[in-house]
Amino acid sequence: MTANLISLLVLLPVALAAILAMTGQRAPVLSRGISLAGVAVLLVVSVGLLMAGQGNTPQVIELGSWAAPFGIVWVFDRLSGLMVVLTSIVAMLSLLYAVRRDEDAAGPHFHALFQAQLFGLNGAFLTGDLFNLFVFFEVLLLASYGLLLHGNGRKRTRAGFHYVVVNLIGSTLFLFAVGALYGTVGSLNLADISLKLPEVAPDAVPIVTTAIFLLFVVFLIKGAAFPLYLWLPGAYGYASIPVAALFAIMTKVGLYSVLRVDSVMLSGNTIGGLVETTALIAPWLLWLGLITLLLAALGVVAGRTLRRQVAYLIVASVGTILIALGLVTGSERELAISGALYYWIHTTVLSAGFFLLAGLLMRHRPEAGDGIEAAPPMPHAVLVGSLFFAYAIAMAGLPPLTGFFGKVMILAAAVESPLMAPIFAVVLISGLIMVIALARTGSRLFYQSQATPGHPAHSTPRDARTPMPGLALSIAPLAIATVMVVGAHPLSEWLETTAVQITTPSGYLEAVMPDGILLPETAPGKFGQDYPDYEGGKH
């Protein structure tokens with residue numbers, strides 16, 4: 001039953017995508033019901049699996065009963081389970097908004113693309129090998145191209161073009177890296193590669209090392225880290241509100257891949273006995289995180305619309321998480337990863353909610369939209385302004401909300417780092433810059449109002465005067481953040497245990513490869529010639 005439920009997390013979205021592609025435009029009401037029901041099932045199943053403790057020990061699903069490394073495996077542990085839950089939460093919020101505001105009707109096949117996106121996301125979080133990670137990357141990117149252009153628009157098309165070009169470059173580099181690894185190591189299963197890296201021939205070490213660096217370059221492109229992050233503000237800033245909210249989980253796929261590959265594939269200590277894997281990537285992550293965070297804070301200042309500012313806040317969260325992932329040496333490793341995961345949950349849910357608040361604001365200010373400029377007074381300004389204030393202090397990392405707790409955990413892990421001074425300086429200064437920028441935004445949106453000729457204060461559309469459905473969707477992420485603060489102690493304990501599972505990959509390796517390195521049984525004239533020293537299929 002557990003295996004069937006885990007498989008459902010991937011198979012249900014792709015089945016619904018196929019059904020909705022055939023019926024979507026013919027029966028829009030039915031399509032909405034099917035899509036909402038599908039996301040609800042994903043949310044219930046993913047939360048149920050995680051709460052039942054199914055991820056405490058990695059659960060391995062062997063497709064077609066083919067054992068690793070020759071078959072495709074899905075692995076459900078605490079980390080992948082957490083990511084699937086976050087995906088389901090964000091998807092539910094986004095889809096409810098799209099249906100409530102009829103934004104799913106702005107273009108064809110919205111629900112089919114939405115389910116295809118969930119298929120790619122859940123598959124990427126659950127897969128146990130690099131090739132299928134590449135496949136799921138391409139699936140979610142293809143779906144995201146269609147969702148990004150949903151509703152058309154010149155600016156949206158131009159931003160989509162940049163998004164496509166950058167990600168196609170990343171996909172090409174991904175293929176090069178996968179091919180180089182397979183040609184030298186002979187496997188693409190993460191656990192199998194980890195076992196084989198120490199035995200790589202010395203003359204192949206430079207190729208393997210280069211391929212690993214290429215992999216992390218691709219993951220950082222997908223995660224929108226410096227220097228290739230400028231595609232994100234444009235793409236997210238011009239996307240429709242529900243699509244931008246769903247995209248809040250997109251950058252986390254790249255960060256998840258960094259953490260998963262680093263903790264599992266590079267856990268073999270050395271490459272061919274020559275290159276230490278523990279210090280191969282972490283220093284780069286730390287410095288890239290510092291630069292990304294600082295530049296993103298300046299981007300928040302330069303943003304001219306609320307959606308663009310939220311997009312830069314997402315980039316800032318990427319930098320903050322990369323700083324934590326770069327602190328994976330020494331005694332602070334587990335604390336850094338648990339802090340990163342806490343901040344991870346915070347920024348994913350609240351970024352999606354902030355985009356939904358931007359949509360609420362656009363309905364209240366039809367003349368100016370979410371532009372940071374003076375506009376006629378809006379109804380419900382106190383309610384909407386209060387929500388903005390709550391999101392601003394949470395995303396900037398001020399107490400008492402979740403951003404503050406996450407940053408404190410990360411900074412506590414950085415105390416023993418030799419780079420403690422620049423880490424503290426960048427995190428605190430960037431936080432101050434974002435506070436100032438968001439305070440200026442709030443002042444212009446809610447205090448510098450004016451009734452211009454032809455646009456009097458009472459010209460707000462009728463449907464914007466009763467914002468309760470949209471208001472509830474904007475409040476829901478803040479409610480989750482409040483629960484995270486109230487339950488900070490049990491949640492942090494759960495995340496610490498998750499960090500231990502991540503930093504102790506033996507459980508993952510044993511679950512996927514219980515018999516160690518496997519080779520096909522020797523056959524005369526084939527494997528007997530290629531592997532003369534192997535008998536019985538075991539090394």
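Helix 1 and helix 2 cross in a left-handed way. This comes from a predicted model, so keep that in mind as you look around. Helix 1 covers residues 2-23 and helix 2 covers residues 28-51. Their axes come within 10 Å, with a crossing angle of roughly 170 degrees. Because an angle over 145 degrees counts as roughly antiparallel, helix 1 is roughly antiparallel to helix 2.

## Who touches whom

Which residues does helix 1 bring to this meeting? They are Thr2, Leu5, Ile6, Leu8, Leu9, Leu12, Pro13, Leu16, Leu20 and Thr23. On the helix 2 side, you'll find Ser31, Ile34, Ser35, Gly38, Val41, Leu42, Val45, Ser46 and Leu49. Sort the residues of this contact by type and you get 13 nonpolar, 6 polar and no charged.

## Zooming out

Now for the whole protein. It has 21 helices and 4 strands. Of its 539 residues, 57% are buried.

What about contacts between residues with a separation of 6 or more? Residues 24 or more positions apart account for 79% of those.

The mean pLDDT of the protein is 85, and 89% of the residues reach 70 or more. Over residues 451-466, though, the pLDDT is below 50. That stretch still has 27 contacts in the model beyond near neighbours in sequence.

Residues 519-539 also have a pLDDT under 50. For them, the model has 21 contacts beyond four places in sequence.

Technical notes
Residues numbered from 1 in each chain as written. Predicted model: local features only at pLDDT ≥ 70, side-chain atom pairs only at ≥ 80, totals over all residues. Heavy atoms only, no water. Axes fitted to C-alpha atoms, helices over the stretch in contact; angles between N-to-C directions. Helix = DSSP H or I, 4+ residues; strand = E, 2+ residues; numbered from the N terminus. Parallel < 35°, antiparallel > 145°, perpendicular 65-115°, else oblique. Left-handed = near helix turned anticlockwise from the far one by under 90°. Contact = heavy atoms within 4.5 Å. Nonpolar A, V, L, I, M, F, W, Y, C, P; charged D, E, K, R; others polar. pLDDT = per-residue confidence, 0-100. Buried < 20%, exposed > 50% of the residue type's maximum accessible area, 1.4 Å probe, protein only.
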